[in-house]
Amino acid sequence: MIPRLFGSRRRDPDHLPEVPESSRVYAIGDIHGRVDLLGELHEMVLEDAERWPDRRKVVVYIGDYVDRGLQSRQVIDLLIDAPLRGFEAIHLKGNHEDMMLAFLKDVTAGPGWMLNGGNATLYSYGVNLADAGNMDERLEMAQAELRRHLPQRHLDFLESLKLTHAEGDYFFVHAGIRPGVALDRQDELDMLWIRDEFLCSPDDHGKVVVHGHTITGEPEVRPNRIGLDTGAFASGTLTCLVLDGTERSFLQTLG
Ligand SMILES: [Mn+2]
């Protein structure tokens with residue numbers, strides 16, 4: 001008998017990845033403050049779901065609700081106040097939520113966050129970066145104001161975000177995973193930030209990794225991963241992957 005070099009993690013090539021029986025799983029890419037597009041996409045998801053009344057329905061948000069687009073606060077309001085009826089909702093953490101949480105605790109996270117579009121989030125909470133004083137002072141004032149303006153339920157939402165979710169042969173995570181490391185032993189920094197080492201890897205990761213974080217013009221479907229970040233904040237195209245059995249389809253807002 002020939003030993004199997006890759007052990008049980010190597011998938012049978014004839015086995016197509018699938019989600020659990022009788023489940024219809026929707027995964028939504030990076031939203032970045034575009035509450036208009038999220039509302040539109042939710043309508044499309046509901047219309048699709050109505051055609052499958054007997055299915056268990058799950059929606060996974062891949063993270064990056066805030067920054068860049070101008071309506072970060074409104075996106076979080078919508079996710080909290082207007083969840084898709086009849087769906088199990090899973091909200092994953094993106095690197096942008098992580099930067100926002102870091103800034104709330106520690107002002108030295110401010111410059112990095114501002115470089116990544118955090119000023120748009122401050123604006124949506126009614127916080128303006130003062131134009132006088134040095135950067136440290138301005139960030140300290142902004143931090144104090146954000147702490148005051150951020151509703152407790154938003155903080156609870158941000159602190160409750162999960163890093164990963166699995167459905168059958170699919171694994172959901174914001175940025176990706178480090179190839180060669182087991183899915184349950186991944187490092188948080190990799191899951192929130194990784195790019196090329198994951199994106200360029202041809203490895204079979206054990207499950208198909210569904211992720212956002214890296215913008216592409218169209219959803220990127222590879223044998224080992226599916227990228228959903230179509231740059232909604234600038235393109236107007238917010239993408240939702242729909243999984244049912246071994247089938248895949250997409251819903252998208254028109255950019
Ligand atoms: Mn993003």
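Which residues does F172 touch, not counting residues up to four places away in sequence? In this predicted model, the contacts of F172 are V25, A27, V60, I62, L92, L163, T164, H165, A166, E167, V210 and L243. F172 lies in strand 5, which spans residues 170-173. With a relative accessible area of 0%, F172 is buried. The C-alpha atoms of F172 and V208 are 8.5 Å apart, although 36 residues separate the two in sequence.

Confidence in the model was examined along the chain. The average pLDDT of the chain is 95, and 95% of the residues score at least 70. Residues 1-8 have a pLDDT below 50, and this stretch has 1 contact in the model beyond near neighbours in sequence.

The metal site contains a manganese ion coordinated by D30 through OD, H32 through NE2 and D64 through OD. The distances run from 2.1 to 2.4 Å. Along the sequence, the donor residues follow the spacing D-x1-H-x31-D. Two of the residues at this site, D30 and H32, are both buried.

Two helix pairs were considered. Helix 1, residues 35-50, packs against helix 2 at an angle of about 25°, and the axes are 9 Å apart. An angle under 35 degrees counts as roughly parallel, and helix 1 and helix 2 are therefore roughly parallel to each other. On the side of helix 1, the contact is made by V35, L38, G39 and H42. Helix 2 contributes Q74, V75, L78 and L79.

The second pair consists of helix 3 and helix 6, the latter formed by residues 135-149. The axes of helix 3 and helix 6 come within 9 Å and cross at roughly 105°. F103, L104 and K105 of helix 3 make the contact with L139, A142, Q143, L146 and R147 of helix 6. D106 is located in the loop between helix 3 and helix 4, the latter at 110-115. The relative accessible area of D106 is 37%, so this residue is partly exposed. Along the chain, D106 and E140 are 34 residues apart, and their C-alpha atoms are separated by 9.2 Å.

Helix 7 comprises residues 152-159, and H154, F157 and L158 are buried within it. These residues cover an arc of only 95° around the axis, which puts them on the same side of helix 7. The elements that cover the buried residues of helix 7 include helix 2 (72-81), strand 3 (87-91) and helix 3 (95-105).

L192 belongs to helix 8, residues 188-193. At 1% relative accessibility, L192 is buried. Residues touched by L192, other than those up to four places away in sequence, are K93, G94, N95, D98, L163, H174, A175 and H213. H213 is buried, with a relative accessible area of 6%. The phi angle of H213 is near 80°, a positive value in a residue other than glycine.

A positive phi also occurs at R68, which is not a glycine and has a value of about 70°. R68 is placed in the loop between strand 2 (56-61) and helix 2. The relative accessible area of R68 is 35%, and the residue is partly exposed.

T253 lies in the segment after strand 10, which covers 247-252. T253 is buried, with a relative accessible area of 2%. Leaving aside neighbours within four places in sequence, T253 is in contact with L37, E40, L41, M44, G236, T237 and L238. For one of these residues, L41, the C-alpha to C-alpha distance from T253 is 6.1 Å, and the two are 212 residues apart in sequence.

Notes. Residues are numbered from 1 along each chain as its sequence is written. This is a predicted model: local features need pLDDT of at least 70, side-chain atom pairs count only at pLDDT 80 or more; totals for chains, interfaces and linings use all residues. Side-chain values use heavy atoms; hydrogens and water are left out. Donors are N, O and S atoms within 2.8 Å of the metal (3.2 Å for Na, K and Ca); water is not among the atoms, so sites may look incomplete. Buried means under 20% relative accessible area, exposed over 50%, partly exposed in between (1.4 Å probe, protein chains only). Helices (H or I, at least four residues) and strands (E, at least two) are DSSP runs, numbered from the N terminus. The arc is that of the directions from the helix axis to the C-beta atoms. Contact means heavy atoms within 4.5 Å. pLDDT is the predictor's confidence in each residue, from 0 to 100. Axes are lines fitted to C-alpha atoms, for helices over the stretch in contact, and angles run from 0 to 180 degrees between N-to-C directions. Angles under 35 degrees count as roughly parallel, over 145 as roughly antiparallel, 65 to 115 as roughly perpendicular and the rest as oblique.
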